[in-house]
Amino acid sequence: MNSFSSPKAKRPATGSNALQRQGSSLTQPASSLVPCPICGKSIAEWFVNNHLDNECTGMENVAESLSQQTSGKRKHADTVDDFEDIDGAALFQDNGENYMADMNRHDSYPSSSATSNQQHQQISFQSRKDKVNAAVQRSMPLAERARPVSLDDFIGQKELVGPGGILRALVLQDTVPSIILWGPCGVGKTTLARIIAHTTKAQFKEMGATTHGVADVRKAFEDAKNLFQFSRQRTIIFLDEIHRFTKSQQDIFLPFVERGTITLIGATTENPSFRVNSALLSRCRVLTLEKLSLKDGMDKMIRRAARIKWRDILDMACEQMTDTELATLNSTFGQNDQTLDEWVDAKTNPGAIKWLIDLSDGDGRSAINTLEIGIQGLSTIILSDDSMYGNNQKDEEDQAEDKQSSGVLERLDAAKLTGEAVKAAFQKTHLQYDRQGDEHYNLISALHKSVRGGDADAALYWLGRMLVSGEEPLYIARRLIRMASEDIGMADSAALPLAVSTYQACQMIGMPECDVNLAHCVAYMAKAKKSVDVYYAYGQVKQTVSEEFAYPVPIHLRNAPTTLMKEMGYGDGYKYNPLYPEGTKVNQEYLPRGLKKRKFMGEAPVMTLGEDGEWRL
Ligand SMILES: Nc1ncnc2c1ncn2[C@@H]1O[C@H](COP(=O)(O)OP(=O)(O)OP(=O)(O)O)[C@@H](O)[C@H]1O
């Protein structure tokens, strides 16, 4: 893959290739002018429909500029804004897509034998509308923009959607039954549902347990039922994260799914046997999706996404380029037999793709998010202004030539997404990700389990991950107080005051200083002896209290502050322990009669290692 030669060294060429935007070459079509049937003005043939749609207003500049261009006279709009002000005028329809018309502006008319002082410059203009559309597109997450809309671009899950896969035929025949898609994050559950939406004749409705309440879902089911009754039109309801509805909430879907008039596609990352109502489960087929891999074509998925992002950067870079740079860009593509796709592909090193696959752990979204952050990082270098004319070491001649150049093209040319850049981007996204949603809970859970397992190194690592990602230290300290009683308990009662002191230390000195207080406490607790006796016993007590009869307090344990109470026998028979030589050994019942001799402490179950090497309760 050739790169652009430096604008300084390259003479703008006379080729007529304009820079391709959005993947197709946008050379201005040869325009013949025709009279408008309404206003009579001369309008480019390809533009007549837009002109009529816009009630024959504001199009004169276009017609004029084109007419000047075709007649070979020197004439152009004074500024780029002149063109932009004819908002929408530069739009034309091509195969159903809006493309930006590339208005050719010539300081001197192009000649096939351009000399050093005859420059043919092709300059791309975007209408304001296009710019807004492009900006809106750019603001969407890359993973969303790269989401395939057909099975052809969907990777992996061959068992389901590959040739002969069970789901493939059902999708193509539009006979998808109610299903639950079960698989880890970012493997294509939502994507698959949306592909079904694209292919089915049924109405498709997408809902999610995080965005819709159970009442919304019930209403959607009711609406779907009515639609079917009135028009026989089926509805497919896609319910993302179905496991977040409780099993009793899931009961609501049951009658609708049962009648078969509504197709439910549920998606879940949790094992449906535990998280989906069994009655619903028996009416849906569970389809399992696997993590994505290189074998599945993750590299192709990443390349598709990378193309989209690099084209964004290229578009933005074009807006900052000088005429000379644009001409260089145009001529580079014209002179070399390389397509824009090849050029874009070469901007992402194979090493970067390998790292993206390795680090994403089979999660397509994570791979594309990291890719996006990586390319975004490079774009700040490519598009920044600081090096525009910034090298003070350059001699005067250089500086004069530099005015032909914004430097953007050179920086764009040099930029490549490498494995190192991917690792840095992953680090950044991951640490940001750590603070949010499930990952926040996953990390505290990993910390808690490492302490419980006595692995001080792992516990310190998870603590570090939380703190570096900006976790609130008091949140961690509160959890340590809980661990001190839950996991260490009576085996080392010093853990509780240490945890409480750690909480106070965090309150007193805050971050970053309190990190070492937390580390001290975490390491101590990981190494401390453990006992869940109290924790387990108290769990049994709570269960007993909630499930069993509220037995009265035995009469001998009752307080007798008044004479009447004494006469009623309160406190009778109570043995005051200190009066006895071995006080606590006094034979006296403290539990109510219904729970006599009930044991809570010392009852925590313990696994034993069998002769076959298996642990059993
Ligand atoms: N099998 C796939 N083929 C192509 N692209 C994929 C695939 N799986 C995921 N992607 C990419 O990752 C993004 C996220 O995928 P999707 O939303 O389908 O994941 P999901 O399994 O529904 O995840 P979650 O459970 O987190 O919602 C998609 O927008 C797409 O860009």
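Helices (H or I, at least four residues) and strands (E, at least two) are DSSP runs, numbered from the N terminus. By that count, the protein chain has 28 helices and 11 strands. Please keep in mind that this is a predicted model, where local features need pLDDT of at least 70, side-chain atom pairs count only at pLDDT 80 or more, and totals for chains, interfaces and linings use all residues. Residues are numbered from 1 along each chain as its sequence is written.

**View 1. Helices α17 and α18 cross each other.** The axes of α17 (residues 350–360) and α18 (residues 364–383) come within 8 Å and cross at roughly 135°. Axes here are lines fitted to C-alpha atoms, for helices over the stretch in contact, and angles run from 0 to 180 degrees between N-to-C directions. Angles under 35 degrees count as roughly parallel, over 145 as roughly antiparallel, 65 to 115 as roughly perpendicular and the rest as oblique, so α17 and α18 are oblique to each other. On the α17 side, L356, I357, L359 and S360 meet S366, A367, T370 and L371 of α18; two residues are in contact if their C-beta atoms, placed from the backbone, lie within 7 Å. By class, this contact has 5 nonpolar, 3 polar and no charged residues (Ala, Val, Leu, Ile, Met, Phe, Trp, Tyr, Cys and Pro count as nonpolar, Asp, Glu, Lys and Arg as charged, and the others, Gly among them, as polar).

**View 2. I302 sits in the largest nonpolar core.** This core has 74 residues, and I302 is among those with the most contacts inside it, together with L181, A305, L356 and L371. A nonpolar core is a set of buried Ala, Val, Leu, Ile, Met, Phe, Trp, Tyr and Cys residues joined through C-beta atoms within 7 Å. A residue is buried if 20 or more other C-beta atoms lie within 10 Å of its own, exposed if 12 or fewer, and partly exposed in between. Helix α14 (residues 298–320) gives the most to the core, with 9 residues. Leaving aside neighbours within four places in sequence, I302 is in contact with I353, L356, A367 and L371.

**View 3. Two loops hold residues with positive phi.** R232, in the loop between α9 (214–231) and β7 (235–240), has phi near 60°. R232 counts as exposed because it has 8 C-beta neighbours inside 10 Å. In the loop between β7 and α10 (247–250), E241 has a positive phi of about 55°. With 19 C-beta neighbours inside 10 Å, E241 counts as partly exposed.

**View 4. A cis peptide bond joins M511 to P512.** Omega is near 5° for this bond. P512 lies in the loop between α25 (495–509) and α26 (515–527).
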